[in-house]
Amino acid sequence: MEVLKIATAGSVDDGKSTLIGRILYDTKSLTSDKLDAIKKTSKQKGYDYLDFSLATDGLVAEREQGITIDVAHIYFSTQTKSYIIADTPGHVEYTRNMVTGASTSQAAIILIDARKGVIEQTNRHFFINNLLRVKEVIVAINKMDLVDFSEAVYNKIKEDFKVLMEKRDYQEQNITFIPVSALKGDNVVHKSTNTPWYHGQTLLEHFEQLDTKDIYNVGTPRFPVQYVIRPKTEEFHDFRGYAGKVYGGELSIGDEVVALPSKTKSKIKEIFVYDQLYQTASRRSSVTITLEDDINVSRGDMLVKAADLPTVDKQFTATISWMDSQNLVAGNKYVLQHGVNKVLAKVDAIHHKIHPDYSGIEENIQALAMNDIASVTFKLNKPIFFDPFKNHRTNGSFILIDSQSNNTVGAGFIQ
Amino acid sequence: MKKDTSKINPLENEAIYIIREVAAQFEKPVLLFSGGKDSITLVRLAQKAFYPAKIPFPLMHIDTGHNFPETIEFRDQLVKKLGLELIVRKVQDSINEGKVKEESGRYASRNSLQTTTLLDAIEEFKFDACIGGARRDEEKARAKERIFSVRDDFGQWDEKNQRPELFDMLNGQIQLGQNVRVFPISNWTELDVWSYIERENIEIPSIYFAHTRATFLRDGLIWSSDDDVVYRDENEVVEERLVRFRTVGDMSCTAAVLSEAADIASVVQEIRDSTISERGARIDDKRSEAAMEKRKQQGYF
């Protein structure tokens, strides 16, 4: 069984929540009590169909306004996979929410209203999923029932979208088009009889056959030390274990490693998962590592293979997504969290703003406002150990924290 | 046939990572322990996170006084066995001190009263992080919850202004007086928890398995008969039934389900086949469509 996390993107009223509700309903994932609640509320509101968005819009304000305000996570499983869908809002603060949703997803659904076609927002949705290097993108052309299931409409939207695709930076992204009606259920889980001209898979069929294993390129192992385990008991008197999660590759007993920033060399002595000893720590596993030599390693340090070092530097340029209502201006200082490592960062220069609708860049920028995307150079008080984001999703990304409010105010992808 | 439990591995790795972040980023964390399956699972994950060292934070139980006796017995045994520190704070004390008022009537419950006791305890011990076993699949307001969820001085949840959480990075920076609720098993489903309990051979209280119990029916749900705690009308007849509990909260707000599942394998099968949600047996959620959201805003767990 595999886990597939999918982010959704669409404008207000494109029918995202309805689509998710439809998937839940058609895969029989809605329990009878939840379904009864939806039926009851739909009837109260006088609808002549079931309003599946009621299944996902969890906040009072969301149900009152009929919009999604915050990311909701929805879970369901089939015989082959477990799914987590991040239902991200399509209106205000959408960039911030979409970046967040896409950062943890392997696949994304971009919804297009068949009546409206590719609009400015579609460009943004696509841009962000491409920036975040989401591997699989499904363009669901929704509300096909309202355009009489017209093949011509579908083809026109597909052609318009292909123009966008040529502009993308991450060309290896897989893109699939599917004509659907979330409200009526066409091509979501079940194949529609209304689209005889469409020979592709339904939305769910497509996800079911995706190979989610190693969906991101296996790079090179990086082991950021989260916590040092020192039991100080009689049995484990001299035990000094480095707890953390392995990213990008595997680590095995006997591997020659270098601790950063000290650059001290040692070898991996033991790998623990709970009380079991392992020969190899696999990718994304939480383990505890001991070393042959008693060297000084603490939280925020990183163990890497001696033959394969990351960049160690106090300065770098990154594409950032700004998420705070207070502007970012050159000279501002923030706490920069890179994995589990925290340093102080100063905005050295804002090079240019990138318009996420593919309309180009804008230079001579003084400040970044919420939802802006820009190329920025940072200077740090201490070096960090990083890889370019295109090679290493985890070790190439960071967040910015405002030291006054403590809020997460931005996310960055190192160039 | 060996069951496929590979799906739980990424969830387990994620939960251990989160628990370690709590120990590293906070000065005074605590694990909120109810004696239910989710918090028992958290204890196992915390053991795994710090082995061979002990869990570096205490457990805290907010005791409503309406617990199932089996749960309390189990709690005390577990703490003793693992050599953990347990803090207990009682809702009864908050009532005696006049801080909260006991509800009365048919649906009287101490469920919402425990918020006051919890917030007082957080202040008393100056806890800056409270680890809890809530899951996003349980309820739609919980589906909106972050992994590190910041609460203000009054313990309140500002649901419309939550910090974005990107990749694996957890921002635990807070101001004095604020605290963070941490949910390491956010992404687990009910079935995941049960499959994990089965795979790891984790002991759980006996009330999760089928047993004969004196019960009565109300609103189509099966209630445990205990006249000291659970309100019962005279015409509500007590009968012996073969039941088990799918979720364990207070006796006054947790209904039983008819079941013959007497061991963990049968329980897992039963959950897999179920067409009703876990919280369908929780009367505390049925007060209104927004019952959970309202309680969370006030500082409920």
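## Charge and surface

In this predicted model, chain A carries 48 positive and 52 negative side chains, and the centres of these two sets lie 2 Å apart.

## Overall form

Chain A contains 7 helices and 24 strands. Its radius of gyration is 24 Å, close to the 22 Å that the globule rule gives for 415 residues, so chain A is as compact as a globular protein of that length. Taken along the principal axes, the box filled by the C-alpha atoms of chain A is roughly 70 × 55 × 40 Å.

Of the 415 residues of chain A, 60% count as buried, and among contacts between residues at least 6 apart in sequence, 69% join residues at least 24 apart.

## Domains

Chain A is divided into domain 1 (2–209), domain 2 (222–305) and domain 3 (311–414). The centres of domain 1 of chain A and domain 2 of chain A, taken over C-alpha atoms, are separated by 42 Å.

## The setting of A:Arg222

A:Arg222 lies in strand E7 of chain A, which spans residues 222–229. A:Arg222 counts as buried because its relative accessibility is 2%, where the cut-off for buried is under 20%.

Leaving aside residues up to four places away in sequence, A:Arg222 touches a set of residues that includes A:Lys245, A:Tyr247, A:Met302, A:Asp308, A:Pro310, A:Asp387, A:His392 and A:Asn395. A:Thr394 is 172 residues from A:Arg222 in sequence, yet the two are 9.1 Å apart in space, C-alpha to C-alpha.

Methods
Residues numbered from 1 in each chain as written. Chains lettered and ligands numbered in written order. Predicted model: local features only at pLDDT ≥ 70, side-chain atom pairs only at ≥ 80, totals over all residues. Heavy atoms only, no water. Helix = DSSP H or I, 4+ residues; strand = E, 2+ residues; numbered from the N terminus. Rg over C-alpha atoms; globule rule 2.2 N^0.38 Å. Buried < 20%, exposed > 50% of the residue type's maximum accessible area, 1.4 Å probe, protein only. Contact = heavy atoms within 4.5 Å. Lys, Arg positive; Asp, Glu negative; His and termini not counted. Charge placed at Lys NZ, Arg CZ, Asp CG, Glu CD. Domains from an automatic or database assignment.
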